[in-house]
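Hi,

Here is the structure I promised to pass on.

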Amino acid sequence: MRLTFRGPVLLSGGGCELGRLLAAALRAEGAQTCSDCRSEEGRAACEAEGLTVLPPDSDMTPERLPERCRAVCGAYPAHFVDLRHSRREVLLAGAAPEELDRWAAEDMADRARTLRAVTRAMLGGRFGRCVFVSSAATERPAPGQTLYSAAKAAGEALFRGTGIELAGKGITTCAARLPWLPLGRGRIFLETHETDAQRAMPAGKLVDTDAVVQALCWLISAEAAVINAAVIPLDGGLSSRKAGV
């Protein structure tokens, strides 16, 4: 039985490798997808794989995102996935003040503005399903991941609070914590740390990427709306395991 999608699925940060895999899997389930990409490289990668992408616009503010989706898909998004992640992995004590200002604006304020805009557009249909793609690093950050993990924690809080506030209007949310995956920057990390990463996993091996993608598809679907204002670990038990054991 196919999953149910009540309108377009908008993927913010959809140009990343995980976003492209997820969009393809959602399409295989019958969903109409639309990817918003922050870079020309991501947009080109999506187009090369035959995925629908939001074209550049004279107004790229978060508030315009639902309308841009409607212009391409013919309807406002009914499902929303936030895949955006910080590229700032530096020691906090070594970060410049202006870098912290950009981090607060791009990784926190922009996320809040985007979620606000998307959920406001969903109100008219009395349905919305919003999923934030988080990380096990939220709970177990490595040195240099202070800003990254803080941004993920803030994203989880935004989505949880939104699910509490809007569930009565048919809009539900959740966050999914992912482990190491051999995708994007994760692939580069695993090239030199794969043995240590496998040792840290309770099963002694990395979580299968396809299994994570399929789990995300279900969480994004209407069938998963009962899971609201919650953080779901899709990390194979990584965040639950006592460090060093």
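**Pockets and aromatic rings**

In the second largest pocket, the lining is made up of six charged, four nonpolar and three polar residues. Please keep in mind that this is a predicted model. That pocket holds about 210 Å³ of space. Among its 13 lining residues, Asp36, Arg38, Met60, Arg68 and Arg84 lie nearest the centre. Helix H3 (65–73) and H4 each contribute at least two residues to this lining.

The largest pocket has a volume of about 1,400 Å³. It is lined by 45 residues, and His85, Tyr148, Leu183, Arg185 and Gly186 are the closest to its centre. Several elements give two or more residues to this lining, including helix H1 (17–28), helix H4 (97–122), strand S4 (128–135) and helix H6 (184–200). H6 provides the largest share, with four residues. Sorted by class, the lining of the largest pocket has 19 nonpolar, 14 charged and twelve polar residues.

Now for the rings. The whole structure contains two aromatic pairs. One of them joins phenylalanine 80 and phenylalanine 159, which are stacked at 6.4 Å centre to centre with 15° between the planes. Phenylalanine 80 belongs to strand S3 (residues 79–82) and phenylalanine 159 to helix H5, so this pair ties together parts that are 79 residues apart in sequence. Both phenylalanine 80 and phenylalanine 159 are buried. Ring pairs also bring Phe132 into a cluster with Phe80 and Phe159.

One more contact for your list: arginine 6 has its charged end over the ring of phenylalanine 127, 4.4 Å from the ring's centre.

Best wishes

Definitions and conventions. Residues numbered from 1 in each chain as written. Predicted model: local features only at pLDDT ≥ 70, side-chain atom pairs only at ≥ 80, totals over all residues. Heavy atoms only, no water. 1 Å grid on protein atoms, 1.4 Å probe; cavity = no way out; pocket = protein on both sides within 12 Å on 5 of 7 lines; lining within 4 Å. Points joined across faces, edges and corners; volume = space filled by probe spheres on them. Nonpolar A, V, L, I, M, F, W, Y, C, P; charged D, E, K, R; others polar. Phe/Tyr/Trp six-rings, centres within 6.5 Å; stacked < 30°, edge-to-face > 60°. Buried < 20%, exposed > 50% of the residue type's maximum accessible area, 1.4 Å probe, protein only. Lys NZ or Arg CZ within 6 Å of the ring centre and 35° of its normal.
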